[in-house]
Amino acid sequence: DPLAAARVLGEMYQRRAIATFLQEGLQRQREGETPADLMEWLQEKGAAVQEAIAATRPGALLWGDSLVEGVLDLAQMARASKESGRATLGIPTGLADLDRTLNGLNPGLYVLGGAPGVGKTSLALQWAMKAAEEVPVVYVTYENSPSNLTLKAIGRLAHISPSDVDRGQADLAKLQEGAADFGKIAHRLAFVEGTPDTTTASIQGQARQAMARHGARRCLVIVDYLQRMAHASGYGTLRENVSALTLGLRELATRLDSPVLAISSLSRGVNNYTHPTLEALKESGDLEFTADVVLLLGTREDSLGTGPRKRVMVDLSVAKNRFGEAGRKPVGLSFDQALGAFAQEARE
């Protein structure tokens with residue numbers, strides 16, 4: 001029985017890969033490698049071993065008849081999701097119109113672009129908090145410290161501006177309530193401070209750790225932001241680095257069977273931040289071609305309110321959507337800059 005023999009040989013190979021991995025780890029420990037370096041090696045090497053064990057991996061030869069069952073299972077999941085009243089099959093963002101267009105965040109590479117100060121990090125953090133209600137989230141940050149992002153998250157839930165906390169003007173009772181609400185999702189939301197040593201392999205290892213901890217089959221990975229991580233890639237120019245990193249992140253999404261969201265800056269020559277298009281990513285290598293979904297935040301001239309609680313109106317456009325429709329009417333959002341919170345604009 002050739003098929004049975006192939007399965008046995010495959011399992012033997014997997015066992016050997018695990019044994020080699022364990023043996024090398026013990027050898028490194030005997031040689032006095034520091035715990036920090038050993039853990040980093042375990043994460044990266046462990047991710048490679050996991051791929052050797054995975055039934056499906058990028059680049060594998062997949063015959064059509066082996067995929068039929070998965071397609072039918074997906075259709076059944078979608079029907080069950082609809083019958084249960086759930087709005088999306090993918091991980092929800094909490095923005096009804098966007099979830100309706102994208103069917104939530106599904107496995108693939110998502111890019112969120114926009115002008116400086118338009119609220120990209122605030123929006124990504126808001127999505128991370130919503131996703132953490134259901135699945136583990138790994139948020140890789142190059143812009144803000146993990147403690148600062150935690151403050152922003154708690155402040156948003158408590159309706160307290162982080163700046164008021166910094167100035168000692170915050171209502172501590174309300175802040176405690178916000179911390180209690182954040183505690184309901186905090187065990188599924190992990191922050192990783194990005195360094196020059198951060199790679200897609202190390203992120204993969206951390207994401208698999210998070211999934212194993214919660215027994216989850218998928219997660220959400222956020223990279224904030226793409227160009228900062230690309231600086232350490234070492235391929236050459238920033239454009240080349242971004243191109244290589246984008247391919248790596250898309251492969252990461254495939255390996256994890258999960259959505260990966262990368263925040264991106266716009267090209268320096270862009271002077272129209274009101275209605276940005278895919279052209280605004282032209283300096284970022286092949287980003288607009290590699291990404292499965294490109295979301296662009298555009299500022300509006302009209303705003304609501306004045307003073308420190310000014311609400312700025314922005315438009316979130318689906319510039320590219322490999323999974324469905326793109327180029328529809330943008331999703332109108334109200335951005336409370338003080339709280340870093342987005343709300344969908346009421347329909348007329």
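Predicted model: local features only at pLDDT ≥ 70, side-chain atom pairs only at ≥ 80, totals over all residues.
**Notebook: pocket and cores**

I found 29 residues lining the largest pocket, with Gly70, Leu74, Pro107, Arg217 and Asp257 nearest its centre. H3 supplies the largest share, five residues.

I then looked up the volume of the largest pocket, which is about 980 Å³. I sorted its lining by residue class and got 10 nonpolar, 11 polar and eight charged residues.

Next, the chain as a whole. I counted 12 helices and nine strands. Of the 348 residues, 44% are buried. I took the contacts between residues at least 6 apart in sequence; 65% of them join residues at least 24 apart. The accessible surface comes to about 18,500 Å², and carbon and sulfur atoms hold 53% of that surface.

The largest nonpolar core has 46 residues. Leu98, Trp127, Tyr139, Leu295 and Leu316 have the most contacts inside this core. Helix H5 (residues 120-131) gives the largest share of the core, seven residues.

I followed up Leu98. Leaving out residues up to four places away in sequence, I found Leu98 touching Thr93, Asn103, Trp127, Leu295, Leu316, Val318 and Val331. I also noted a second, separate core of 31 residues, with Val221, Leu245, Ala262 and Val294 among them.

How values were computed
Residues numbered from 1 in each chain as written. Heavy atoms only, no water. 1 Å grid on protein atoms, 1.4 Å probe; cavity = no way out; pocket = protein on both sides within 12 Å on 5 of 7 lines; lining within 4 Å. Points joined across faces, edges and corners; volume = space filled by probe spheres on them. Helix = DSSP H or I, 4+ residues; strand = E, 2+ residues; numbered from the N terminus. Nonpolar A, V, L, I, M, F, W, Y, C, P; charged D, E, K, R; others polar. Buried < 20%, exposed > 50% of the residue type's maximum accessible area, 1.4 Å probe, protein only. Contact = heavy atoms within 4.5 Å. Areas by Shrake-Rupley, 256 points an atom, 1.4 Å probe, with all protein chains shown as cover. Core = buried A, V, L, I, M, F, W, Y, C linked by side-chain atoms within 4.5 Å.
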